[in-house]
Amino acid sequence: MGRTEMDDNDVRPERFGLRSPGVDALRLAVVGAGRIGANHAEIVARRIPGVRLVAVADPVESAAQRLASELGAEPASLEDVLARDDVDGVLISAPARAHADLVVAAAAAGKHVFCEKPMAVTLADAERAVGAAEEAGVVLQVGFNRRFAPGFVASRARIDDGQVGNPQILRSLTRDPGPFAGDPARVPQWTIFLETLIHDFDILCWLNPGATPQRVHAFADALVSPEARSRGHLDTAVVSIQFDNGAIATADANFSALYGYDVRAEVFGSKGMVTTGNARATDMTFYDADGIHTDTSRRDTDLLRSAYVAELTAFADSILHGSPVRATGAEARTALSIALAAIRSVETGATVAIADVDTAVHGLSTGAA
Ligand SMILES: NC(=O)c1ccc[n+]([C@@H]2O[C@H](COP(=O)([O-])OP(=O)(O)OC[C@H]3O[C@@H](n4cnc5c(N)ncnc54)[C@H](O)[C@@H]3O)[C@@H](O)[C@H]2O)c1
């Protein structure tokens, strides 16, 4: 296969519009050795030329040890990672409610920070994290990987070129692969907004450049696990967002797409329409007596593989060459403000102005611990 946009083994920095780092130019540590931490650690250790995985930290020592030894890095405590001179930056892959404190601690130690989404679960914490990175003068990038997926990048280019015209209707969706196998009791309240749809909120803003979200209305229910509804579990949601340029957007999510992981977006404008996202894992199509079949991905880290590599390559490029951060803390705060407005809409049944969420920065209940 030649080198095309779809070749996920092609990790040359220039493929992502980036310059090559030097040999071992950048030394990174992963904080949080769970599912996505392992994905990021593998990419850093093996997929990005010039970037090295130095250490792995996790309060569960065995998790840090296992991942570190697999990838030739050292297990370490968070304190060690932050104190070490041979760590230039950290990849925060801990659970959402730990993110803001970890960003603040890492920035205070002078480490560049890549933080998984959401950067925080309250606006006050988001501001604290952004402020800490600014004060320390370190790079802060948030894990909005869809911004780096080739089809999303190509869509944004059409919008920037004016070919779509003024965005009028936008859509974004996330369908997590099913059957849902989790224990609803272990899914933190409001996860569908704070951790799933946060991707859609970010990408809708990104595909409507220069516009600001104004008002939000959300419906949500437990349709996959109805027995958990009474405990506040939500696994299905539809959110409408009105922007100040007039565009109206919808985002929807469900935790159990039986056909596989599915992420898509669409922008309909005054001159045309652009769509992106494809649940197909490959371009193979199988035809038989039962019909026409394609393969799908069961994991986000498979479907969006190249986007994960590209976002971490971009992080390295921002640190090494000062290229602009492509998913900033301020942008993560905007996505969070939509999520918090959606939560309040579900709580009250009303349409919620983002301005009201913003002015209540220190008083909003998110159900977060
Ligand atoms: N961008 C994406 O596509 C994507 C995909 C999956 C998860 N995520 C995000 O990544 C984060 C982690 O998700 P996950 O699925 O990997 O969770 P996980 O539960 O698999 O892993 C979390 C790990 O963090 C460790 N941990 C707990 N508290 C910690 C602390 N204070 N400091 C350091 N480590 C700590 C846990 O022991 C665990 O090993 C979440 O915020 C989630 O929303 C993003």
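Me: Where does proline 179 sit?
Reply: In this predicted model, proline 179 is in the loop between β7 (167-177) and α7 (191-206).

Me: And what kind of peptide bond joins glycine 178 and proline 179, cis or trans?
Reply: That one is cis, with omega at about 0 degrees. As background, most peptide bonds are trans.

Me: OK, what about the bond from lysine 117 to proline 118?
Reply: The lysine 117 to proline 118 bond is cis too, with omega near -10 degrees. Proline 118 belongs to the loop between β5 (112-115) and α5.

Me: Back to the β7 and α7 loop. Where is tryptophan 190?
Reply: Tryptophan 190 is in that loop, between β7 and α7. Its phi is near 70 degrees, which is a positive value in a residue that isn't glycine. In general, most residues other than glycine have a negative phi.

Me: Is tryptophan 190 buried or exposed, and why?
Reply: Buried, because 26 other C-beta atoms lie within 10 Å of tryptophan 190, and 20 or more is enough to count as buried.

Me: Switching to helices. How do the axes of α4 and α5 sit relative to each other?
Reply: The axes of α4 (residues 99-108) and α5 come within 8 Å and cross at roughly 10 degrees. Angles under 35 degrees count as roughly parallel, so α4 is roughly parallel to α5.

Me: Which residues meet there?
Reply: From α4 you have Ala100, Val103, Val104, Ala107 and Ala108. They meet Asp125, Arg128, Ala129, Ala132, Ala133 and Ala136 in α5. By class, the contact of α4 with α5 has nine nonpolar residues, no polar ones and two charged ones.

Me: How many of the residues in α4 are buried?
Reply: Seven of its 10 residues, so α4 is mostly covered. The buried residues are His99, Ala100, Leu102, Val103, Val104, Ala106 and Ala107.

Me: What do those buried residues pack against?
Reply: Quite a list: β1 (26-31), α3 (78-83), β4 (89-92), β5, α5 and β6.

Me: And what about the glycine that follows α4?
Reply: That's glycine 110, and its phi is positive, near 80 degrees.

Me: Zooming out, which domains does the assignment give?
Reply: The domain assignment gives domain 1 (13-145) and domain 2 (155-299 + 328-359). Their C-alpha centres lie 26 Å apart. The contact takes 15 residues from domain 1 and 14 residues from domain 2.

Me: Which elements supply the side of domain 1 that touches domain 2?
Reply: α5 (123-136) and β6 (140-142) each supply at least two residues of that side. The largest share comes from α5, with six residues.

Me: And what classes of residue are on that side of domain 1?
Reply: The side of domain 1 that touches domain 2 has 13 nonpolar residues, no polar ones and two charged ones.

Me: Last topic, the ligand. Which residues come nearest?
Reply: There are 23 residues around the ligand, and Gly32, Gly34, Ile36, Ala94 and Glu116 come nearest.

Me: Which helix gives the most to the shell around the ligand?
Reply: Helix α1 (residues 35-46), with three residues.

Me: How does that shell divide by class?
Reply: The shell around the ligand has 11 nonpolar, six polar and six charged residues.

Notes:
Residues numbered from 1 in each chain as written. Predicted model: local features only at pLDDT ≥ 70, side-chain atom pairs only at ≥ 80, totals over all residues. Near = placed C-beta within 6 Å. Helix = DSSP H or I, 4+ residues; strand = E, 2+ residues; numbered from the N terminus. Nonpolar A, V, L, I, M, F, W, Y, C, P; charged D, E, K, R; others polar. Domains from an automatic or database assignment. Contact = placed C-beta atoms within 7 Å. Buried ≥ 20, exposed ≤ 12 C-beta atoms within 10 Å, placed from the backbone. Axes fitted to C-alpha atoms, helices over the stretch in contact; angles between N-to-C directions. Parallel < 35°, antiparallel > 145°, perpendicular 65-115°, else oblique.
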